[in-house]
Amino acid sequence: MKQRSYLALEGITVEFPTKAGRFRALDGIDLEVDKGQFVALIGHSGCGKSTLLNAVAGLVKPTRGAIFLDGQIVDAPGPDRAVVFQDHSLLPWLTVEENVRLAVDKTAGGKSKSERKEWVMHNLELVQMGHAAARRPGELSGGMKQRVGIARAIAMNPRVLLMDEPFGALDALTRAALQDVVMDLQARLNNTVLMITHDVDEAVLLADRVVMMTNGPAARIGEDRAVSLARPRNRLEAIDVPEYADARSAVIHFLHERYRNPATLAA
Amino acid sequence: MASPSPNGKKGPSASAGGSTTELGVILPYPEEAIARRSFEPVAAPVHPLMRRMRGMAASMLPTLVMLVGLLAFWQLLCGSPDAVFPSPLKVWQESHDVIVHPFKGVDIGLTHFSIQNGGDVGIAGHVLTSLSRVLIGYSMAAVVGVALGILIGQSVFAFRALDPLFQVLRTVPPLAWLPISLAIFQQAQPSAIFLIFITAIWPVILNTAAGVQTIPAAYRNVAKVLALNPFEYFTRIMLPATVPHMFTGLRIGVGMSWLAIVAAEMVQGGTGVGFFIWDSYNSSLLTDTIVALIWIGIVGFALDRIVAFAGRVIGRAS
């Protein structure tokens with residue numbers, strides 16, 4: 001019997017019923033992720049990246065195939081697979097602290113009230129948002145909201161951290177600041193991460209592996225490239241390392257030569 | 001010892017620029033003396049309370065002007081002795097007693113409150129009777145309406161089963177329920193309350209249901225990832241997310257229940273502001289009717305504002 005990886009996707013096919021019959025979003029995806037590995041999923045819009053992430057989160061049920069986490073089959077959503085949503089999805093009627101607290105209360109069984117509060121504040125401090133604990137999401141900028149979204153996810157002590165294009169809606173400078181936050185967290189916590197991104201630099205800078213997906217429908221994994229940059233990483237040092245340029249070039253060739261954006265082809 | 005020039009350092013150059021008159025040398029004005037100050041116009045300090053009152057006055061002024069204009073126009077239109085409709089002055093003269101003694105027959109103390117049963121009761125007494133009916137019927141409609149709204153908002157099966165029924169029943173006018181209500185309850189008081197209930201409940205149900213159905217998928221996904229149980233989902237996500245819709249329904253509902261009570265009391269008689277109108281009409285006291293209309297309008301407006309305010313407070317707290 002073969003030994004499964006920490007996170008193993010085996011033959012994941014996802015089909016959605018539509019008016020024009022069944023739409024196959026993903027076609028037999030196999031993916032193995034080791035514990036502590038940071039995997040970036042990249043591909044053009046509509047290639048089913050989000051569907052794949054949602055399948056791991058348990059929000060989408062695969063039509064065929066199975067997902068294993070630490071040897072156990074995944075078939076429902078749960079706090080062991082925390083999600084950082086693209087739109088941050090903070091609850092606007094709760095303060096920043098209460099938003100994180102809601103997640104902590106569901107995952108910190110056995111901890112006392114004061115321990116929970118401390119844990120909430122600790123995680124907010126990790127993303128430098130301790131100062132805004134009493135504020136509501138509506139009073140925060142997009143970047144700050146997403147920091148809280150990240151704090152909420154890591155406060156759940158997930159076995160896998162799923163990030164669905166977490167910085168897609170942010171401007172370039174805010175995005176860079178948040179990438180630094182993620183790199184810092186990765187250096188401290190060494191989470192197992194699955195992150196969707198559109199951004200080649202983001203993928204190469206943050207990830208140990210860049211998994212490139214072909215264009216949908218019936219998307220598959222086209223290429224899987226390791227990024228062997230030393231950790232902890234630093235934006236300024238990384239750009240001068242040949243491996244960074246090579247990995248970047250590989251991803252760009254994949255996205256813009258082998259599998260061009262279907263939208264630009266149509267235009 | 002040379003005494004220092006009064007112009008300071010500018011002294012030597014000053015004489016060069018000065019002109020000579022009969023009286024001597026006029027020194028140019030020393031630069032230091034030209035105050036480099038900008039004279040900002042200083043507004044008189046305004047007390048915050050004063051400022052607030054000014055703001056209120058500014059926002060109320062158009063309303064007041066409109067009111068005075070309307071009354072003047074009305075007086076002009078109906079002022080002649082043979083006018084069929086009473087003028088404002090006539091209303092004031094003929095219904096003077098109704099206007100200045102609204103609490104006749106009402107006994108309000110710190111610990112007790114009662115309205116004289118029957119007889120000569122002031123308009124406020126009738127309004128309070130109507131309000132107590134609205135309070136009971138509307139509270140029931142709010143509780144049942146929110147519960148039913150959550151049910152059909154949450155369950156597709158329940159929605160498909162009940163929504164057509166609700167859509168048909170909500171178009172039935174309040175007065176059409178009266179015979180049915182009387183047949184069921186036999187008595188005036190419970191039938192009036194049922195009438196309020198059945199009129200106010202539809203907007204509460206339908207708006208609450210819409211609120212539940214439009215909870216963003218993002219919040220539902222958060223609930224799934226956090227593995228909230230149904231009770232936690234209800235209290236932490238569904239209720240706070242639905243509060244704005246709920247209060248839209250409750251606000252429409254309170255307005256409709258006020259409409260219904262007046263109609264119901266007009267037919268049933270006895271007490272209440274609706275009865276007052278019917279009674280004054282039958283006694284050909286049109287001016288009393290006009291006073292009652294103003295009372296109804298103001299109370300209805302107040303009810304709407306109270307529910308809206310409650311919605312804001314709860315929306316902020318939840």
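Two residues are in contact if their C-beta atoms, placed from the backbone, lie within 7 Å. That cut-off defines the meeting of chains A and B in this predicted model. The contact draws 15 residues from chain A and twelve residues from chain B.

Start on the chain A side. Two elements each give two or more residues to the side that touches chain B: strand S6 (81-84) and helix H2 (96-107) of chain A. H2(A) gives the most, with three residues.

Now step back to chain A as a whole. Its secondary structure comes to nine helices and ten strands. The radius of gyration is 19 Å, close to the 18 Å that the globule rule gives for 267 residues, so chain A is as compact as a globular protein of that length. Along its principal axes, the C-alpha trace spans about 50 × 45 × 45 Å. Buried residues make up 43% of the 267 residues in chain A. Among contacts in chain A with a separation of 6 or more, 70% come from residues 24 or more positions apart.

Next, a sheet. Strands of a sheet pair through backbone hydrogen bonds, either parallel or antiparallel. In chain A, four strands form an open sheet in the order S2-S1-S4-S5, and the pairing is antiparallel. Strand S2 (21-33) and strand S5 (72-73) of chain A are the edge strands, since each pairs on one side only. Strand S1 (residues 7-18) of chain A runs antiparallel to S2(A), and nine bridges join the two. To find this pairing in the structure, look for Leu7(A), which stands opposite Val33(A) in S2(A).

Note on methods. Residues numbered from 1 in each chain as written. Chains lettered and ligands numbered in written order. Predicted model: local features only at pLDDT ≥ 70, side-chain atom pairs only at ≥ 80, totals over all residues. Rg over C-alpha atoms; globule rule 2.2 N^0.38 Å. Buried ≥ 20, exposed ≤ 12 C-beta atoms within 10 Å, placed from the backbone. Pairing = 2+ DSSP bridges.
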